[in-house]
Amino acid sequence: MNKQKFIDKFMAAFVLLAMFKVIGIVAQLFHESFWSVIGTLGIFLIVAFIILLVITSLKDKEQNNRNSAGRKGSGSSSFYLENSLFDRIRSKYEELAEKYIAENDYKKAARVYMNLLQDNYRGAKTLENGGFYNEAAVVYLKKLNNKTDAAVCYEKAKQYKKAIDLYKEMEQKEKVGDLYKEINDLKNAHHYYQIVADDYTINNQMVKASLVYRKKMEKAEEAQKVLLKGWEEDRDAFNCLNNYFANIFDVKKLESEIQHLYQKTPAHKKITYLEAMKYEFKKDPKLHTATRNIAYEIIAEKVATRSEIVNELKYFNPNDEVILKDISRFKTGRNKMFRN
């Protein structure tokens with residue numbers, strides 16, 4: 001394309017754009033305040049000035065290129081002109097948006113991003129960063145179909161019902177429960193929390209289910225029941241047992257429960273119980289006797305088939321040098337026996 005024609009066409013397009021913009025501003029007078037319209041017009045005039053500066057600059061540069069280059073290079077010169085023109089205009093728009101952000105005028109910056117740079121995401125993020133959460137949510141939702149960020153913005157704006165509707169659409173049930181709890185609608189909150197807890201239980205995530213009961217619904221007994229169920233049914237057994245004991249804060253009651261559960265523990269789960277006893281032994285000196293006795297009993301029962309289990313004795317006698325030597329002698333004797 002001839003360079004002069006390109007510039008003439010661009011200027012014609014610019015004038016046409018200006019006409020549409022003026023029409024748009026007049027239309028806005030029926031919907032926006034006087035100062036809002038003045039602000040929009042101000043942005044447009046600044047942009048118009050930027051475009052004219054860039055065109056003038058590139059026109060001068062293109063004239064210099066024309067004087068110094070032959071006919072062979074005219075095509076590449078035109079291509080350079082077109083690309084440089086749009087790159088420079090874009091760069092000026094970026095600078096304009098950054099200027100408005102520096103002045104804390106986030107709405108004007110957002111307009112530059114969305115209307116001039118065609119970047120709706122940065123426009124929405126700019127509104128969000130400026131605290132215009134409702135406006136940002138609308139952009140996220142209508143321009144970007146981004147329900148997640150829209151819901152976050154509605155939540156920040158304390159538009160909880162709108163946020164709840166979006167979280168329901170995305171099937172984020174725990175978040176729905178959280179927001180119902182935030183507006184003190186405990187009936188609906190617990191309804192959704194129960195769905196979450198049931199889902200975790202079905203998927204053998206018993207510890208997560210217990211946390212929903214304990215932390216979200218404040219039902220400590222239900223939390224213990226689901227952990228005990230996980231232990232008894234071998235559904236993440238060790239973590240269930242460990243968390244079950246961790247939720248008993250009275251030492252005497254904990255000691256009693258440790259002994260009670262051990263009496264009902266089947267042989268194939270006693271190694272797991274032994275692992276749990278290592279943690280309980282460290283909690284309180286008052287638990288040493290009960291946990292050590294259980295450990296000794298399990299070790300004595302399993303040592304015939306699992307000789308390495310004697311190493312577990314050191315966890316229940318951490319400062320006993322004699323028992324460490326006994327473990328070493330036992331292991332040496334076992335090795336000699338197998339060699340003979």
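Because the model is predicted, local features were considered at pLDDT of at least 70 and side-chain atom pairs only at pLDDT 80 or more, whereas totals for chains, interfaces and linings use all residues. Residues are numbered from 1 along each chain as its sequence is written, and side-chain values use heavy atoms, with hydrogens and water left out.

The chain has 17 helices and 0 strands, where helices (H or I, at least four residues) and strands (E, at least two) are DSSP runs numbered from the N terminus. Of its 340 residues, 36% count as buried; here buried means under 20% relative accessible area, exposed over 50%, and partly exposed in between, with a 1.4 Å probe and protein chains only. Among contacts (heavy atoms within 4.5 Å) between residues at least 6 apart in sequence, 45% join residues at least 24 apart.

Helix H14 (residues 251–263) was examined along its whole length. Its 13 residues reach 19 Å from the first C-alpha to the last, close to the 18 Å expected at 1.5 Å a residue, the expected span being 1.5 Å times one less than the number of residues. The buried residues of H14 are Leu-254, Glu-257, Ile-258, Leu-261 and Tyr-262. Seen down the helix axis, these buried residues fall within an arc of 130° and therefore line one face of H14, the arc being that of the directions from the helix axis to the C-beta atoms. An α-helix has 3.6 residues a turn, so residues three or four places apart point the same way. On the other side of H14, Lys-252, Lys-253 and Gln-263 are exposed, while the cover over the buried residues includes helix H12 (220–232), H13, H15 and helix H16 (288–302). At the N-terminal end, Asp-250 caps H14, with a side-chain oxygen 3.2 Å from the backbone nitrogen of Lys-252.

The structure holds 8 aromatic pairs, defined as rings of Phe, Tyr and Trp (its six-membered ring) whose centres lie within 6.5 Å, with planes under 30 degrees apart counted as stacked, over 60 as edge-to-face and the rest as tilted. One of these, between Tyr-180 and Tyr-192, is stacked, at 6.0 Å centre to centre and with 25° between the planes. Tyr-180 lies in helix H9 (residues 173–182) and Tyr-192 in helix H10 (residues 186–202), so the pair ties together parts that are 12 residues apart in sequence. Both Tyr-180 and Tyr-192 are buried. The rings of Phe-238 and Tyr-279, by contrast, have their centres 5.8 Å apart and their planes at 50°, and the pair is therefore tilted. This pair links distant parts of the chain, with Phe-238 in helix H13 (residues 237–246) and Tyr-279 in helix H15 (residues 270–283), 41 residues apart. Phe-238 is partly exposed, at a relative accessible area of 23%, and Tyr-279 is likewise partly exposed, at 45%.

Ring pairs also link Trp-231, Tyr-244, Phe-245, Tyr-262 and Tyr-273 into a cluster. The charged end of Lys-269 sits over the ring of Trp-231, 3.9 Å from its centre, where a charge sits over a ring if NZ of Lys or CZ of Arg is within 6 Å of the ring centre and within 35 degrees of the ring normal. Lys-278 lies over the face of Tyr-315, at 4.2 Å from the ring centre.

Glu-94, found in helix H3 (residues 74–102), is buried, with a relative accessible area of 17%, and its side chain makes a polar contact with the side chain of Arg-122 at 2.6 Å. Thr-201, in helix H10, counts as buried at 15% relative accessibility, and its side chain reaches the backbone oxygen of Ala-197 at 2.9 Å. Leaving aside neighbours within four places in sequence, Thr-201 is in contact with Met-206, Ala-209, Val-226 and Arg-235.

Backbone geometry was also considered in the loops. Most residues other than glycine have a negative phi. Asn-145, although not a glycine, has a positive phi of about 55°; Asn-145 lies in the loop between helix H6 (133–143) and helix H7 (147–156) and is exposed at 59% relative accessibility.

How values were computed
Polar contact = N/O pair within 3.5 Å; in protein donor to acceptor, adjacent residues only side chain to side chain.
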